[in-house]
Amino acid sequence: MPGARDSKSAELFMVFNVAIVGSGPAGFYAAEALLCSGIPVRVDMFDRLPVPFGLVRYGVAPDHQKLKAVTAVFERIADNPHFSFVGNLDIGREVQVSQLQAAYHGVVLATGAIGDRSLDIAGEDLPGSVSATELVGWYNGHPDFRDKSFDFSHPTAVVIGNGNVALDVCRILSKSVDELRRSDICEHALDELAASNITDVVLIGRRGPVQAKFTAKELRELGELDEVQPVVDPAELQLDPASIDEIQRSAAAARNLEILRGFAHRLETATKRRRIHFRFLLAPYSIEGTRTVEQVNFERLRLSGQTGNQGGTPSGQYVSIPTNLVVRSVGYRGISIPGVPFDERSATIVQQKGRVIDRDGNAVRGLYVAGWIKRGPNGIVGTNRACAIETIELVLADLIATSFESSDLRRELFLATLRGRSLKLIDFQGWRRIDALERADGAAKAKPREKLTRVSAMLKASERALIRSGSDI
Ligand code: NAP
């Protein structure tokens with residue numbers, strides 16, 4: 001069948017067009033895997049915001065600049081001539097996923113997990129009860145949270161959750177302004193934190209120290225801050241037999257315990273202006289207040305269950321902590337996208353190894369998923385690389401196996417339609433102008449950058465690079 005072989009090799013020489021929705025780590029690692037595959041692919045990456053990098057820009061803590069250095073890798077990926085960025089376009093609202101499916105040979109959804117899990121307790125919606133997503137978004141200058149306000153007038157703040165995000169929040173609430181000034185924390189947040197009355201941050205875990213999800217490096221950092229005294233009651237570190245087993249099996253848990261024991265043995269020093277208190281086995285029960293939060297109530301738990309799978313059993317004893325500020329840091333939650341199969345329980349898109357799966361259990365042709373919206377909000381930035389590679393292997397296999405009628409026409413028609421609408425789209429050059437401006441503003445204050453925090457300001461800064469008819473996109 002020489003004819004069939006010829007037509008197959010002709011297909012291999014066509015350029016495959018792939019759309020990626022979301023420009024965070026999973027989106028960029030997916031782009032890298034496509035562009036380095038050796039198969040001719042053009043990647044158009046879409047983001048709701050005018051600026052790229054998702055959680056690296058808006059989730060990673062402002063004082064963790066080393067973690068943000070990964071953006072240099074993403075910038076190099078964006079330099080590829082077959083890569084384009086289309087910022088300030090909300091897929092699911094301004095353009096439907098089905099329109100992308102019609103215009104591209106493949107669509108990869110990498111939208112992350114931008115919502116937050118709730119506690120489902122009374123008083124959770126009182127003013128003063130905030131999610132870590134809101135607080136982190138605010139101090140990191142996310143336009144959605146820029147105008148939130150937080151009450152730092154009470155001496156005690158309570159942070160619920162024992163993950164790395166909770167540690168980030170504790171650190172930012174308790175670091176000195178001089179320490180924060182060198183980070184890329186936004187000016188509006190620095191001003192508010194400079195006037196903070198907080199002296200005590202109470203970090204609450206519903207299980208024990210051995211079951212905490214935070215990692216040793218981040219925990220150790222809390223013991224190295226200029227103005228902060230970590231406080232642990234040694235009685236909180238007493239372990240039940242199953243936790244002793246767990247320590248033997250998990251080096252990470254053993255390291256955490258060792259650090260916490262070190263904190264417990266530290267003498268309180270009068271030079272430290274603030275304290276971070278580690279409390280364990282307290283399950284949030286209710287949040288009370290007349291107009292705003294006045295106190296949080298917890299039920300004391302006892303650990304029960306098998307080694308490696310211990311849960312908390314109520315003890316009937318209660319503990320209350322007076323405060324005006326409760327930060328709920330109990331995990332992110334994925335948000336559904338119109339027209340895409342979504343599992344509400346896990347808050348992820350229904351998928352198998354990255355292929356989106358419909359109600360009948362069949363793969364949806366040309367639709368894929370990567371990152372937190374695929375596997376849930378866990379792992380570090382680099383975890384998304386392996387996750388994206390797994391997805392892109394399937395994308396490439398499907399592209400090669402499928403016959404397509406035409407290569408570029410559908411994409412070009414789609415982009416022409418976009419250009420014809422009154423949308424203000426930003427390309428990567430536009431981002432580079434924003435980036436240059438932010439770095440210059442930051443340099444004047446000896447900071448890595450001073451972020452633009454409003455979409456209108458971003459659009460203005462990138463003005464000459466707004467995508468217009470005639471540009472590449
Ligand atoms: P996480 O690691 O999943 O931690 C969530 C915490 O919330 C757990 O301690 C969990 O306790 C607790 N929790 C859940 N529901 C609760 C409830 N109803 N009441 C009380 N506590 C509850 O989530 P995360 O901190 O948001 O972090 C997300 C991911 O980003 C993680 O993989 C994290 O390591 C990563 N991250 C990394 C860094 C870094 O590398 N520096 C910084 C930030 C985030 P249970 O264990 O009992 O469920």
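Here is a short chat about the strands in this predicted model.

Student: Which strands form the open sheet, and in what order?
Tutor: Six strands make up the open sheet, and they follow the order E6-E14-E7-E8-E10-E9, with parallel pairing.

Student: Which strands stand at the edges?
Tutor: The edges are taken by strand E6, residues 129-131, and strand E9, residues 228-232; each has a single partner strand, so one side of each is left without a neighbour in the sheet.

Student: And how are neighbouring strands turned against each other?
Tutor: On average, and with direction ignored, neighbouring strands of this sheet are turned by 20° against each other.

Student: What about E9, how many bridges does it have with E10?
Tutor: E9 pairs with strand E10, residues 274-279, over five bridges in the parallel sense, and within that pairing valine 231 has histidine 277 in E10 as its bridge partner.

Student: Which helix lies across E6?
Tutor: That is helix H7, residues 132-139, which lies across both E6 and strand E14 (325-328) and runs at about 70° to E6.

Student: Switching topic, how do E11 and E12 run?
Tutor: Strand E11 (residues 282-288) and strand E12 (residues 295-304) run antiparallel and are joined by six bridges; proline 284, for example, has phenylalanine 298 in E12 as its bridge partner. The two strands form a hairpin, with six residues between them.

Student: Then what joins E12 to E13?
Tutor: Nine bridges join E12 to strand E13, residues 311-322, and these strands run antiparallel, with glutamine 295 bridged to proline 322 in E13.

Student: Which residue in the turn there has a positive phi?
Tutor: In the hairpin formed by E12 and E13, where six residues lie between the strands, glycine 305 in the turn has a positive phi of about 110°.

How values were computed:
Residues numbered from 1 in each chain as written. Predicted model: local features only at pLDDT ≥ 70, side-chain atom pairs only at ≥ 80, totals over all residues. Heavy atoms only, no water. Pairing = 2+ DSSP bridges. Helix = DSSP H or I, 4+ residues; strand = E, 2+ residues; numbered from the N terminus. Axes fitted to C-alpha atoms, helices over the stretch in contact; angles between N-to-C directions. Contact = heavy atoms within 4.5 Å.
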